[in-house]
Amino acid sequence: MQYQLNGTIDQAGVEQNVANGHSIMVVRSAIISLVSSDNLPIAWLTWSPFESNSMTWQEIYRKPCATTLRTDAPIASISA
């Protein structure tokens with residue numbers, strides 16, 4: 001299933017949010033059994049606000065096969 005999140009902020013709102021150091025944050029809940037049995041909010045993605053903000057994603061679940069944590073994985077960011 002594919003999801004899309006869109007939002008707009010007027011120019012004054014963008015300027016105010018940037019001046020105050022605010023970011024747009026997408027948060028989802030997750031159950032982390034090592035920490036708690038409750039749903040915990042996890043910051044999934046953050047970015048500086050723009051007048052037009054759009055995010056599209058598709059959830060694909062796979063069984064992890066790596067036994068080590070990669071610290072050099074690339075993250076792509078597009079700003080407009």
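This short report walks through the overall layout of the chain and then visits two of its residues.

**The chain as a whole**

Keep in mind that this is a predicted model. The protein chain has 1 helix and 4 strands, and reading along the sequence gives the order β-α-β-β-β. Of its 80 residues, 10% are buried. The accessible surface amounts to about 7200 Å², and carbon and sulfur atoms hold 55% of that. Among contacts with a separation of 6 or more, 54% join residues 24 or more positions apart.

**Two residues to look for**

| Residue | Location | Relative accessibility |
|---|---|---|
| N53 | strand β4 (residues 52–58) | 7% |
| I60 | segment after β4 | 51% |

Let's begin with N53, which sits in strand β4. Is N53 buried or exposed? N53 counts as buried because its relative accessibility is 7%, under the 20% cut-off. Which residues does N53 touch, leaving aside those up to four places away in sequence? They are L5, N6, G7, I9, I24, W47 and S48. The side chain of N53 also places a polar atom 2.6 Å from the backbone oxygen of F50.

Now move on to I60, found in the segment after β4. With 51% relative accessibility, I60 counts as exposed, since the cut-off for that class is over 50%. Another thing to find in the structure is the pairing of I60 with M1: these residues are 59 apart along the chain, and their C-alpha atoms are separated by 8.5 Å.

Key: Residues numbered from 1 in each chain as written. Predicted model: local features only at pLDDT ≥ 70, side-chain atom pairs only at ≥ 80, totals over all residues. Heavy atoms only, no water. Helix = DSSP H or I, 4+ residues; strand = E, 2+ residues; numbered from the N terminus. Buried < 20%, exposed > 50% of the residue type's maximum accessible area, 1.4 Å probe, protein only. Polar contact = N/O pair within 3.5 Å; in protein donor to acceptor, adjacent residues only side chain to side chain. Contact = heavy atoms within 4.5 Å. Areas by Shrake-Rupley, 256 points an atom, 1.4 Å probe, with all protein chains shown as cover.
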